[in-house]
Amino acid sequence: MRRITFLVYAVLWILLISLNLYQQVTDTKHYAQKIATRQAEMFFDHIVLIRKWNALHGGVYVPITETTQPNPYLDVPQRDVETTDGKRLTLINPAYMTRQLAEMSDDSGIAFHVTGFNPIRPENRPDQWESEALLAFQQGQKSVSSIGTINGQSFYRYMAPLHVDQSCLVCHQRQGYREGDIRGGISVSIPSASIDGFVNERLEHLTITHAIVAFVGLIVLLLSYLAQARLSQRLDKAKSRMQLAYLDSLTLLPNRRYYDAFVKREWKRALRHKYPISMIMIDIDFFKLYNDNLGHIEGDHCLRQVAKTLKRFFRRPGDLIARYGGEEFCVVAACDAEQIMVLAEILRKAVENMRLPHPASKISEFVTISLGVASIVPGDDLSFESLLHAADQALYDAKATGRNRVGKRRI
Ligand SMILES: Nc1nc2c(ncn2[C@@H]2O[C@H](COP(=O)(O)OP(=O)(O)OP(=O)(O)O)[C@@H](O)[C@H]2O)c(=O)[nH]1
């Protein structure tokens, strides 16, 4: 893994963890709101249930006390009665009962408020949020919930409508209501602080676990980066040792040692499958004169250029070009006599076409090569040396007959 790859992975990892944390935080806040809404819903249902019970009995009589005075807004006969033993009682209708419950529930932190568009009691007038909720009910919405502020304090707010039933009409018929109408609603407000404590605890927990996971992931990534860096360092060393052992340092062609091992292997394979194996010996013409004329450094450069040109023609795994020694190159190829002749001619032309000046050459202005070609189908009575010897002889022929040509010998 390269350093830049490691950095990209590290950044991706941090991004992934951050994304997950963000998702979890959002989910937690969303669920907190859902739980608060559910709690408010249950609270609302309880109040409605108690109101129904009250309405079912046409209200209930309770003793008149300092805190429970007769309801001035309840205009019904026998609102106040006296028992036979002189105790004074007053009728508590659902609205009055709800108001008393609302005053009592303040202590628990959860507040609720009975309200409507046109309340008999001024205290029941809706606030801004409740007015909007009432409008929403009129447009068919079943309930409204959100986070809101009351006197600067944050609350989870919930509100659902109250529908007019028979018992409501006792007091509200004179306001023009009919059974089934939306008369108003009850809003329930739960202080955010009562739930935020749990939420913050969970968020803290999430942040810590994500930080630990991110840290551990980074350490694992770093360790694997270091391990891989050490491994590739070792591989590089092994590779350069291999290269030193099998590559010629001047031309970067396989060297004589590699050539020997390759030839043994290919000879055996050709023997097994009975296919031909061919060889070309290549020698630069008048190279001594080249060196003498242009200097040894230029001679080295010429060797590298010729090697580079020849190398281009050897891509197949069964073929090899190696530096045989000095200014000699050797080709081994899995092909027959005809094919190798064609290849040898291509190589000769390729070097000639380099048009590398050779001022001391006696046959051309440019560097040229002579080539000796031989081909054989291996048999048990034949050896590789016989192929090598024939190629050598063919090279000798090429030199003797004028250079810059391909010589050929039969075995
Ligand atoms: N610059 C350089 N010269 C080398 C290297 N290896 C061998 N030589 C030279 O190659 C020359 C080979 O010369 P000869 O074998 O006499 O043959 P030639 O001059 O090429 O003549 P012909 O082969 O007959 O065309 C020698 O002068 C070697 O010193 C090398 O690695 N670098």
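A crossing of two helices is called left-handed if the near helix is turned anticlockwise from the far one by less than a right angle, and right-handed if clockwise. In this predicted model, local features need pLDDT of at least 70 and side-chain atom pairs count only at pLDDT 80 or more, whereas totals for chains, interfaces and linings use all residues. Residues are numbered from 1 along each chain as its sequence is written, and side-chain values use heavy atoms, with hydrogens and water left out.

Helix α1 passes helix α5 in a right-handed crossing, where helices are DSSP runs (H or I, at least four residues) numbered from the N terminus. The two, spanning residues 3-56 and 192-246, pack at an angle of about 165° with their axes 10 Å apart, the axes being lines fitted to C-alpha atoms over the stretch in contact and the angles running from 0 to 180 degrees between N-to-C directions. That makes α1 roughly antiparallel to α5 (an angle over 145 degrees).

A search of the whole structure finds eight aromatic pairs, that is, rings of Phe, Tyr and Trp (its six-membered ring) whose centres lie within 6.5 Å, stacked if the planes are under 30 degrees apart. One of them is the stacked pair of Phe6 and Tyr225, at 4.8 Å centre to centre and 25° between the planes. Because Phe6 lies in α1 and Tyr225 in α5, this pair ties together parts that are 219 residues apart in sequence. Phe6 counts as buried at 12% relative accessibility, as does Tyr225 at 13% (buried means under 20% relative accessible area, with a 1.4 Å probe and protein chains only).

Conventions:
Angles under 35 degrees count as roughly parallel, over 145 as roughly antiparallel, 65 to 115 as roughly perpendicular and the rest as oblique. Rings of Phe, Tyr and Trp (its six-membered ring) pair if their centres lie within 6.5 Å; planes under 30 degrees apart count as stacked, over 60 as edge-to-face and the rest as tilted. Buried means under 20% relative accessible area, exposed over 50%, partly exposed in between (1.4 Å probe, protein chains only).
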